[in-house]
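Q: Can you take me through this structure? I would like to start with the charged pairs and then move on to the domains.

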Amino acid sequence: MKYLILRRLSQFSIIFLYFGANAWGWKILQGNLSSSKIFETIPMSDPYAILQIFFAGSVVAVDALIGGLVALAFYVIIGGRAFCSWVCPINIVTETASYVRGKLNIQKYQEGRVIITRNSRYYILVTSLVLSSIFGVAAFEFLSPISIVTRGLIFGLGVGVATLVLIFLFDLFVLKDGWCGHFCPLGGFYSLIGRFSLIRVKHNAETCTACMKCKEVCPEKDVLFMVSKESLSVNMGECTLCGRCIDVCGDNSMKFHIRDYLKKESK
Ligand code: SF4
Ligand code: SF4
């Protein structure tokens with residue numbers, strides 16, 4: 001539970017700081033997940049939103065551009081989809097849906113019924129950029145449940161609640177890890193960044209007893225193809241660095257580690 005608790009602390013603290021900035025004028029973290037400022041100085045912008053604005057042909061403000069580069073550098077170092085597990089509020093809802101789905105054993109009744117490729121998120125990502133350039137607006141930002149929910153949490157829930165309920169019901173009854181694992185283009189964008197990131201999870205096949213608990217809890221099981229076979233880092237960008245595999249591993253075979261770009265990994 002260690003990483004789960006830390007992640008929830010991180011997610012709730014970030015939203016609380018945004019809320020505090022709006023409600024009480026705090027200066028620690030102002031704005032929202034699309035565009036913020038830390039201590040009124042360091043800008044942080046959503047690099048995917050900046051990319052859409054760029055494709056839309058609009059002028060990107062210098063502050064926003066710098067903020068996008070700061071965020072990009074941050075997530076290359078920390079891990080692209082660390083945004084998903086440690087920052088994004090939707091993740092709390094989708095992980096809850098996944099947990100309830102497991103408890104109710106819903107998957108058993110749906111075996112083979114709903115098959116959608118996880119690559120859909122990359123197709124949606126490309127489509128959003130094409131649509132941005134055709135219509136001259138940041139296409140996904142209009143519909144983004146992440147923006148709707150974050151704004152709702154900071155400024156007062158309204159349509160944000162409906163969005164959360166829809167995503168929860170979809171993930172619970174229709175498709176396991178439906179939104180985050182299949183459709184969210186922002187998660188797809190951070191997956192692409194995550195391929196280069198410094199912090200990784202490493203699997204030690206020598207101590208692994210092949211209980212497969214890590215695969216049971218992992219929201220992106222394909223990234224754990226090496227489990228019980230090879231001692232390798234989880235290098236696929238889809239890993240959300242959630243640490244769930246580390247939390248459940250009783251063999252101490254999963255650990256966070258810093259990637260050595262020069263060293264060839266032992267097999
Ligand atoms: S996949 Fe999208 S909605 Fe899900 S946690 Fe990541 S950014 Fe948030
Ligand atoms: S490999 Fe581990 S850290 Fe990565 S997504 Fe799966 S459970 Fe989370």
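Salt bridges and domains

A: A search of the whole structure finds nine salt bridges, a salt bridge being a side-chain nitrogen of Lys or Arg within 4 Å of a carboxyl oxygen of Asp or Glu.

Q: Which residue pairs with E95?
A: R7 forms a salt bridge with E95, and their closest N and O atoms are 3.1 Å apart. The pair links distant parts of the chain, 88 residues apart: E95 is in helix 5 (residues 90–104) and R7 in helix 1. Helices (H or I, at least four residues) and strands (E, at least two) are DSSP runs, numbered from the N terminus.

Q: What sort of model is this, and how are things counted?
A: This is a predicted model: local features need pLDDT of at least 70, side-chain atom pairs count only at pLDDT 80 or more, and totals for chains, interfaces and linings use all residues. Residues are numbered from 1 along each chain as its sequence is written, chains are lettered from A and ligands numbered from 1 in the order in which they are written, and side-chain values use heavy atoms, with hydrogens and water left out.

Q: What is the mean pLDDT?
A: The mean for the protein is 91, and 96% of its residues reach 70 or more. pLDDT is the predictor's confidence in each residue, from 0 to 100. Among the elements, helix 4 (residues 82–86) has the highest mean pLDDT (97) and helix 6 (residues 106–110) the lowest (77).

Q: New topic: how is the protein divided?
A: Into domain 1 (2–192) and domain 2 (199–258), with bounds from an automatic or database domain assignment. The C-alpha centres of the two domains lie 24 Å apart. Domain 1 gives 20 residues to the contact and domain 2 gives 14 residues, where contact means heavy atoms within 4.5 Å.

Q: How many salt bridges are there between domain 1 and domain 2?
A: Four. R81 and E220 also meet through their side chains in a salt bridge (2.8 Å, N to O).

Q: Which helix gives the largest share of the domain 1 side?
A: Helix 1, with four residues of the side that touches domain 2.
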